[in-house]
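Start with the structure shown here.

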Amino acid sequence: KVVKDYDGNEISNLSNIDHSDNIQAIAVSKNADYIYVAVGTDGVEVLKVDDNKTVATLDATDAKDLFVQDDVLYLADSWGGLKTYDISTPEDPSLQN
């Protein structure tokens with residue numbers, strides 16, 4: 001699976017994600033330097049685009065959808081409800097609620 005920017009340019013290949021067969025949703029950071037991937041009961045993987053490596057993992061009971069606005073990641077977690085994370089430091093996201 002490939003993620004493209006708004007101009008259609010490839011920014012990342014997601015084949016190295018541990019749970020690539022279970023991708024539910026993808027969100028891209030405001031600067032397109034990080035990708036957030038919801039992988040169901042395996043949570044959310046945070047990938048750095050330039051080296052395509054996972055830099056953080058967020059716990060979730062069943063991550064279904066994601067949305068990024070500025071430095072906030074909104075996570076729709078089936079059983080855990082809506083969660084918000086401060087992603088101003090993408091390698092160390094912090095749960096806000």
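Asp-71 and Lys-30 form a salt bridge, with their closest N and O atoms 3.6 Å apart. The model is predicted. Asp-71 sits in the loop between β7 (63-69) and β8 (72-77), and Lys-30 in the loop between β3 (25-28) and β4 (34-38), so the pair ties together parts that are 41 residues apart in sequence.

How accessible are the two partners? Asp-71 is partly exposed, at 31% relative accessible area. Lys-30 counts as exposed, at 54%.

## The other salt bridges

The whole structure holds three salt bridges. One of them joins Asp-77 to Lys-83, where the closest N and O atoms are 3.1 Å apart. Asp-77 is buried, with a relative accessible area of 3%. Lys-83 is buried too: its value is 17%, and the cut-off for buried is under 20%.

Another salt bridge links Lys-64 and Asp-62. Here the closest N and O atoms are 3.6 Å apart. Lys-64 is partly exposed, with a relative accessible area of 36%. Asp-62 is buried, at 11%.

## The aromatic pair

How many aromatic pairs does the structure hold? It holds one. The partners are Phe-67 and Tyr-74, whose rings lie 6.2 Å apart, centre to centre. Their planes make an angle of 40 degrees. The pair counts as tilted because planes under 30 degrees apart would be stacked and those over 60 edge-to-face.

Phe-67 is partly exposed, with a relative accessible area of 47%. Tyr-74 is also partly exposed, at 30% relative accessibility.

## Around Tyr-34

Tyr-34 is found in strand β4. Is Tyr-34 buried or exposed? Tyr-34 is buried, with a relative accessible area of 8%.

Which residues does Tyr-34 touch, leaving aside those up to four places away in sequence? Among them are Ala-27, Val-28 and Ser-29. The contacts also include Val-46, Leu-47, Lys-48 and Val-49, as well as Val-55. Pro-90 and Glu-91 are on the list too.

Pro-90 is 56 residues from Tyr-34 in sequence. In space, the two are 7.5 Å apart, C-alpha to C-alpha. With Glu-91, the contact is polar: the side chains of Tyr-34 and Glu-91 meet at 2.5 Å.

Key: Residues are numbered from 1 along each chain as its sequence is written. This is a predicted model: local features need pLDDT of at least 70, side-chain atom pairs count only at pLDDT 80 or more; totals for chains, interfaces and linings use all residues. Side-chain values use heavy atoms; hydrogens and water are left out. Rings of Phe, Tyr and Trp (its six-membered ring) pair if their centres lie within 6.5 Å; planes under 30 degrees apart count as stacked, over 60 as edge-to-face and the rest as tilted. Buried means under 20% relative accessible area, exposed over 50%, partly exposed in between (1.4 Å probe, protein chains only). A salt bridge is a side-chain nitrogen of Lys or Arg within 4 Å of a carboxyl oxygen of Asp or Glu. Helices (H or I, at least four residues) and strands (E, at least two) are DSSP runs, numbered from the N terminus. Contact means heavy atoms within 4.5 Å. A polar contact is a pair of N or O atoms within 3.5 Å; within protein, one must be able to donate a hydrogen and the other to accept it, and residues adjacent in sequence count only if both atoms are side-chain atoms.
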